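Please keep the sequence and the 3D view open while going through the points.

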Amino acid sequence: MTQSADTKHVWQFFRAGGFDQVAFGSGADIVSISELDQKLWVALACPTTGMHFDQKTLELIDTDKDGRIRAPELIAAVKWTNSLLKDPDQLIKDSGELPLESINDATAEGEAILKSSRQILANLGKKNATAISVADTTDTAKILAQTAFNGDGIIVEDSAEDEATKAVIRDIIACLSPVTDRSTKPGIDQTKVDRFFADAQTHSDWRKRSADDPAILPLGDATAAAADAVKAVAVKVDDYFARCRVAAFDARACNALNREEKEYSALGPQEITVNHSAIAALPLARIEPGRLLPLMDGVNPAWADAISALRAKAVKPLLGDKSSLTESEWRSRV
C-alpha cells in the first residue's frame, strides 16, 4: 500500500507475474490515476488494436490517432468521464447500463448528455427507462428513425406537419430520386429542392408561352401523349431506318440486317409470346433498301401495339391517316 505525495489517496497493490501492480477496486482509484507516479505504471502506452476491449472506445481515447494510447490520453479520458458522473464508482460497475440519475447535469455538457440519453431512449420506445446501455446508443439508424430533424440536412416525409408539404416531398422524390437520410429513410436535400422548383418554374414559363405559340403544343392537351408515343419507339424506329440505309448502300447486307434464319430456328422449340425478348430484339419490320416504315401490317409483333399508338396519337393527328412513314417524316418527328 502506498499514498500519493500530493493527495491523500491510498493505493492498494497486488503482486502478479513478479510485478507489483495497482489494484483498481473503486471509482476513486480510477479517477486518481493522474496522481499515481508513472514509474509505478505497468505500461505507459498500448496499441488500439488487438486488445480485449471495445475497439471504438480505444479509438476515441487515442486523440492524436497514432494507433497508440499513451498515459496523458488515458488520464484525459478518465478526467472527462469523471466530470460527467455524480458517482465515480459507476466506472467499475459491470452492469452494462448507466443510470440516468448518475449523469452529472450540473455542467452544460452533462446536461446535454442527459437530454440526449433521454431522447435516444424515447426514440427507441423506452421513454420511461431509467438507464441507458451501450446497445441503446450503437444503432444510429434505429435511434434516428423516429426523429423528424436529425441534423443531416435531409428532410423526410415524416418531417412535414401537413399533408400538402408531405405531397411536395413525395413529388420531389418521384421526379428527382431520393436522398437517404441517417435513419435510412428516403428524403430530399436543399439541392433537390432548388432543382425541383427551378424545373417547375421553367415548365410553368413554357406552359405560359404555349398559350401564345400554338407550335409549342400542336395537339393541345394531347401533345404529351403524342410525345410519349414517339419516345416509346424512337430507338427502334431509328434502328429500322439505319438498317434500310445500309441495305441501300449494299444489297448484300439485307439478309444479315434482317437477322439470320438460325435465330428463328432457336425460337421454334420454345413456348413464346409476341413479347418474347428475342422477338422484340428483331428489326421493327422487314429490311429493304429505301423501304417506308409500315404502321399497320408487317410490323414486328412485339412492337405492334407501340407502333399502333404512334400512328393513332402522333401520325394521324399531324400527318393524316397514313399506313406508312417515310424517313424524312420520321426525322421531323412527325
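Predicted model: local features only at pLDDT ≥ 70, side-chain atom pairs only at ≥ 80, totals over all residues.

How many residues has helix H4, and how far does H4 reach from its first C-alpha to its last?

1. Helix H4 covers residues 108-123, which makes 16 residues, and the reach from its first C-alpha to its last is 22 Å, close to the 22 Å expected at 1.5 Å a residue.

2. Please look next at which residues of H4 are covered by the rest of the protein. The buried residues of H4 are Gly-110, Leu-114, Ser-117, Ile-120, Leu-121 and Asn-123. As background for viewing such a list, an α-helix has 3.6 residues a turn, so residues three or four places apart point the same way. Just after H4, Gly-125 has a positive phi of about 80°.

3. Arg-207 belongs to helix H8, which runs over residues 190-212. When neighbours within four places in sequence are left aside, Arg-207 is in contact with Leu-217 and Asp-221. Leu-217 is 10 residues from Arg-207 along the chain, and their C-alpha atoms are separated by 8.9 Å.

4. On the cysteines, the structure holds 0 disulfides; a disulfide is a covalent bond between the sulfur atoms of two cysteines. Cys-46 is partly exposed, with a relative accessible area of 23%, whereas Cys-175 has 54% relative accessibility and therefore counts as exposed, the cut-off being over 50%.

5. Finally, the protein as a whole. Its secondary structure comes to 14 helices and 12 strands. The radius of gyration is 37 Å, well over the 20 Å that the globule rule gives for 334 residues, so the protein is more spread out than a compact globule. Along the principal axes, the C-alpha trace spans about 105 × 55 × 35 Å. Of the 334 residues, 30% are buried, and the protein exposes about 21,100 Å², of which carbon and sulfur atoms supply 54%. Among contacts between residues at least 6 apart in sequence, 45% join residues at least 24 apart.

Key
Residues numbered from 1 in each chain as written. Heavy atoms only, no water. Disulfide = S-S within 2.5 Å. Buried < 20%, exposed > 50% of the residue type's maximum accessible area, 1.4 Å probe, protein only. Helix = DSSP H or I, 4+ residues; strand = E, 2+ residues; numbered from the N terminus. Rg over C-alpha atoms; globule rule 2.2 N^0.38 Å. Contact = heavy atoms within 4.5 Å. Areas by Shrake-Rupley, 256 points an atom, 1.4 Å probe, with all protein chains shown as cover. Expected span 1.5 Å × (residues − 1).
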